Each structure stands twice: as structure tokens, then as C-alpha cells.
Amino acid sequence: MTEPPRLPDPRMSPPGRPETWSGAPDQDDEYAPGEQGPVVRPFLMTGGRTIPLVDGLRLESMVYAAPAALSAPLRFEQHAVVRLCQQPHSVAEVSAALRVPIGVARVVVSDLVTSGYVSVSAADELSIDAIERIRDLVRAL
């Protein structure tokens, strides 16, 4: 009684292959377009944790990484966050770039904050102009 091999879940992110924020693949991309590499389930990225170590990580919190963190011995998803955050990005943008749920991105970012490889600054409250712009964009959908 042998079961057929399971196909990879297309919703899972392939390890070590974060795309640049522009959506263009990395230059050292070893996979052909349309080909997916190995799949890592999100709970493996977080060690099964669902609660971040750092409280107060909001979607719009900005994440910064020092260039020295690029040479740190990090797991692939942490290295991808450090590489992405050489320029400030929000937690929501990190989640989108890694193609993981926001909760997973919060746990990964909070681990990096706890280790001292990235820093997070909370965004100030949104201005009325920003709220109105968001409202207009949502209505336009």
C-alpha cells in the first residue's frame, strides 16, 4: 500500500529564493522561470511559533538592516529579510516579498530584532491625507 508522492503546495514559498522588491528574480537565480525550487512550510520558518518575540510589530512598521548583517550566519529566510531591508521596508512588504503570511513575517522579523540584525521603527500615526488616499484607492478597486 504505497501512496503516490505528494505534489508541492504552490502556496508555499521556495527557500532561499526571495525576489527583489521590484518582482524581478535575483541575478544568481538558479531556477528556470516557472520552475520552483524546494518548498519550505511556513511553520518551519518560525519553529512552530505563531507569536513574535517583539510586541508591537505592525504592518506598517519599517524594518532596517545594517550592511554588516549580510555576512551574519542566518537562515535563508532571515538572510532574505536582511538583504531586502538594506533599504527600509514595512513588515507587510517583507511578507509580500517572502510570499509568506503576515504572521510568519512578523515572527521572522522579530527574531532578527531580538538578535540585533535589524531594527524596527514604528510608523507615526497616519495623516488624514494618507487615510483619504487609501480610502480612494480601495474604492477604485
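The model is predicted, and local features need pLDDT of at least 70, side-chain atom pairs count only at pLDDT 80 or more, and totals for chains, interfaces and linings use all residues. Residues are numbered from 1 along each chain as its sequence is written, and side-chain values use heavy atoms, with hydrogens and water left out.

Let me begin with the sheet. Three strands make up an open, antiparallel sheet, in the order β2-β1-β3. The edge positions belong to β2 and β3, each with a single partner strand, so one side of each has no neighbour in the sheet. Strands count as paired if DSSP finds at least two bridges between them.

By buried I mean under 20% relative accessible area; exposed is over 50%, and partly exposed lies in between, with a 1.4 Å probe and protein chains only. In general, side chains of a regular strand alternate between the two faces of the sheet.

Two bridges link β1 to β2, residues 89-90, in the antiparallel sense, and Val63 has His89 as its bridge partner in β2. Four bridges join β1 to β3, residues 118-121, again antiparallel; there, Tyr64 has Ser119 as its bridge partner.

I turn now to helix α4, residues 102-115. What span should its 14 residues have at 1.5 Å a residue? The expected value, 1.5 Å times one less than the number of residues, is 20 Å, and the end C-alpha atoms are 20 Å apart, which agrees. The helix lies across β1 and β3 and runs at about 110° to β3. For that angle, axes are lines fitted to C-alpha atoms, for helices over the stretch in contact, and angles run from 0 to 180 degrees between N-to-C directions.

The buried residues of α4 are Val104, Ala105, Val107, Val108, Val109, Ser110, Asp111 and Leu112. Their cover includes α1 (42-45), β1, α2 (76-84), α3 (91-98) and β3, where contact means heavy atoms within 4.5 Å. After α4 comes Gly116, with a positive phi near 90°. In the loop between α3 and α4 sits Arg99, which has a positive phi of about 60° although it is not a glycine.

Next, helix α2. Its buried residues are Glu77, Gln78, Ala80, Val81, Val82 and Leu84, and they pack against α1, β1, β2, α3, α4 and β3. Gln78 counts as buried because its relative accessibility is 9%. Beyond residues up to four places away in sequence, Gln78 touches Val108, Asp111 and Leu112.

What does the largest nonpolar core contain? A nonpolar core is a set of buried Ala, Val, Leu, Ile, Met, Phe, Trp, Tyr and Cys residues joined through side-chain atoms within 4.5 Å. The largest has 24 residues, and Val81, Val82, Val94 and Leu112 have the most contacts inside it. At least two residues of this core come from each of β1, α2, α3 and α4, and α4 gives the most, with five. Leaving aside neighbours within four places in sequence, Val82 is in contact with Ala65, Ala69, Leu70, Leu74, Leu112 and Val118.

Finally, the salt bridges. A salt bridge is a side-chain nitrogen of Lys or Arg within 4 Å of a carboxyl oxygen of Asp or Glu. Four are found in the whole structure. One of them joins the side chains of Asp111 and Arg49, at 2.5 Å from N to O. Asp111 is in α4 and Arg49 in the loop between α1 and β1, so this pair ties together parts that are 62 residues apart in sequence. Asp111 is buried, with a relative accessible area of 8%, while Arg49 is partly exposed at 30% relative accessibility.

Arg75 and Glu77 form another salt bridge, with their closest N and O atoms 2.7 Å apart. Arg75 is partly exposed at 39% relative accessibility, and Glu77 is buried at 3%. A salt bridge also joins Asp136 and Arg135, 3.1 Å from N to O. Asp136 is partly exposed, with a relative accessible area of 40%, and Arg135 is partly exposed at 38% relative accessibility.
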